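Here is a quick walk through one protein model, written for someone who likes cut-offs spelled out. Have the viewer open as you read.

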Amino acid sequence: MRRKYIAFDAFGTLFKTADFMEDIREVVGPKAEHMVQLWRQKQLEYTWLLNQMQRFEPFDRVTARALNTAMHSYHISNPEVIEQLLSIFDNPELISGAEKCIKIMKAKGMHMAILSNGTRQMLRRGVDKTGVASFLDFLISVDEVQVFKPDPKVYALVPEKFGVRKEEVLFCSSNQWDVAGASSFGLRTIWLNQRSETREDLPFADVTEVLSLDELEALFS
């Protein structure tokens, strides 16, 4: 790939949003997996509904509201659950291989950014904690346009920040709906299919599928 500009989604693509279920099961019990699944579902639903209503709330607030709904649905009130789950987004960790991938791509002359529904504060905490801040040119939050993905105004932020045409930019995400939004806008996209999901029937445009960050890195060799 000859493009020199790439933006990554944050949560689930570079930052972990899994690998915590054992800890939650110890606190919640057998309802843990269903409760977490509902939380993540509501988290996305609320962003899309807010877009439709032309309202906006910071992503940390949306995330907390969604968790509140999921916990009430399963009659869970333990504050330890709130602390553990919100820390996934407030105090994230890198997915295995993410640091190596970022460093190698930087060494190859790539200009990199994060484009996320997360607030700028969430992103700043994440990159500072994980030690990758110096490798990134921009942290781009939807806060700047007061609307969530997959609204085209969000994806337009990337070429605007880099000062290039959208045809020159790559966007990488592990979320199929995010890839569909970015590719429909006109960015060339990379679907990081780390969970080996079946491709959904969405309006994808220019999409390259990889199964790991190692495969992503190899595209630029």
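## Ground rules

This is a predicted model, so local features need pLDDT of at least 70 and side-chain atom pairs count only at pLDDT 80 or more, while totals for chains, interfaces and linings use all residues. Residues are numbered from 1 along each chain as its sequence is written, and side-chain values use heavy atoms, with hydrogens and water left out.

Helices (H or I, at least four residues) and strands (E, at least two) are DSSP runs, numbered from the N terminus.

## α2 against α3

Two packed helices are described by the angle between their axes and the distance between the axes. For α2 and helix α3 (residues 59–73), the angle is about 135 degrees and the axes are 8 Å apart. The axes here are lines fitted to C-alpha atoms, for helices over the stretch in contact, and angles run from 0 to 180 degrees between N-to-C directions. That makes α2 and α3 oblique to each other; under 35 degrees would count as roughly parallel, over 145 as roughly antiparallel and 65 to 115 as roughly perpendicular, with the rest called oblique.

The crossing of α2 and α3 is right-handed, where right-handed means that the near helix is turned clockwise from the far one by less than a right angle, and left-handed means anticlockwise. On the α2 side the contact (heavy atoms within 4.5 Å) is made by Met 35, Leu 38, Trp 39, Lys 42, Gln 43, Tyr 46, Thr 47 and Leu 50. From α3, the residues include Phe 59, Val 62, Ala 66, Leu 67 and Met 71. Sorted by class, this contact has 11 nonpolar, 5 polar and 2 charged residues. The nonpolar class is Ala, Val, Leu, Ile, Met, Phe, Trp, Tyr, Cys and Pro; Asp, Glu, Lys and Arg are charged, and the others, Gly among them, are polar.

## α2 against α4

How are α2 and α4 set against each other, and at what angle? Helix α2 (residues 32–52) packs on α4 at about 50 degrees, with the two axes 13 Å apart. This pair is therefore oblique as well, and α2 passes α4 in a right-handed crossing.

Met 35, Val 36, Trp 39, Arg 40 and Gln 43 do the touching from α2, and Val 81, Leu 85, Leu 86, Ile 88 and Phe 89 from α4. These residues split into 8 nonpolar, 1 polar and 1 charged.

## Thr 119, tucked away

Is Thr 119 buried or exposed? With a relative accessible area of 3%, Thr 119 is buried; the bands are under 20% for buried, over 50% for exposed and partly exposed in between, using a 1.4 Å probe and protein chains only. You'll find Thr 119 in the loop between β2 (111–116) and α6 (120–130).

The Thr 119 side chain reaches the backbone nitrogen of Met 122 at 3.0 Å. Leaving out residues up to four places away in sequence, Thr 119 touches Pro 58, Phe 59, Asp 60, Ser 141 and Asp 143.

## Partly exposed spots

Glu 93 sits in the loop between α4 (79–90) and α5 (98–107), and its 45% relative accessibility makes it partly exposed. Its partners, again not counting residues up to four places away in sequence, are Leu 14, Phe 15, Lys 16, Lys 129 and Thr 130. Glu 93 and Leu 14 are 79 residues apart in sequence but 8.4 Å apart in space, C-alpha to C-alpha.

Ser 87, in helix α4, is partly exposed at 29%. Ser 184 belongs to helix α8 (residues 176–185) and is partly exposed at 48%. Its C-alpha is 6.5 Å from that of Phe 204, 20 residues away in sequence.

Most residues other than glycine have a negative phi, and most peptide bonds are trans. Gln 54 has a positive phi of about 55 degrees without being a glycine. Gln 54 lies in the loop between α2 and α3 and is exposed, at 76%.

Ser 196 also isn't a glycine, and its phi is positive, near 50 degrees. Its loop runs between β5 (188–192) and β6 (207–210), and at 57% Ser 196 counts as exposed. Finally, the peptide bond from Lys 149 to Pro 150 is cis, with omega near 5 degrees; Pro 150 is in the loop between β3 (138–141) and α7 (152–162).

Key:
Polar contact = N/O pair within 3.5 Å; in protein donor to acceptor, adjacent residues only side chain to side chain.
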